[in-house]
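Here is a friendly walk through the aromatic residues and the nonpolar core of one model. Have the structure open as you read.

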Amino acid sequence: MKKICKWYYCCPIKFYVDRGKLDKKWVENYCLVDNHDCIRYQMEEKGQYHPDNMLPDGTIKEDLD
Ligand code: SF4
C-alpha cells in the first residue's frame, strides 16, 4: 500500500488539484507516494515559510490562486 504525505490533507496543492487548478500529476508524483523530494515537504519540516503557490518542485506558479 502506498503511503500518503503527512501534510496531504492540509496542503494547498491538494486543494488546487481538487478544484481543477493544477494537474493531478503533482499529487500522483509527490503527495500520494510520500515523495520527500518535495520542496514544500522539506521546507515544512524545517519550519520555513513557503507560499501556497509554490509547487512540489519549488517552482512558483504565479497564476495560481
Ligand atoms: S505538496 Fe509536498 S508537502 Fe504538500 S502534500 Fe504534496 S508532497 Fe506533501
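Let's start with Tyr30, which is buried at a relative accessible area of 16% (buried is under 20%, exposed over 50%, partly exposed in between, with a 1.4 Å probe and protein chains only). This is a predicted model, where local features need pLDDT of at least 70 and side-chain atom pairs count only at pLDDT 80 or more, while totals for chains, interfaces and linings use all residues. Residues are numbered from 1 along each chain as its sequence is written, and side-chain values use heavy atoms, leaving out hydrogens and water.

Rings of Phe, Tyr and Trp (its six-membered ring) pair when their centres lie within 6.5 Å; planes under 30 degrees apart are stacked, over 60 edge-to-face, and the rest tilted.

| Pair | Type | Centre to centre | Between planes |
|---|---|---|---|
| Tyr8 and Tyr9 | edge-to-face | 4.9 Å | 75° |
| Trp26 and Tyr30 | stacked | 6.0 Å | 25° |

Trp26 is buried at 13% relative accessibility. Tyr8 is buried as well, at 12%, whereas Tyr9 is exposed at 59%.

Trp26 also takes us to the largest nonpolar core: among its 15 residues, Ile13, Leu22, Trp26, Val27, Cys31 and Leu55 touch the most other members. Such a core is a set of buried Ala, Val, Leu, Ile, Met, Phe, Trp, Tyr and Cys residues joined through side-chain atoms within 4.5 Å.

Beyond its neighbours within four places in sequence, Ile13 is in contact (heavy atoms within 4.5 Å) with residues including Trp26, Arg40, Asp52 and Pro56.
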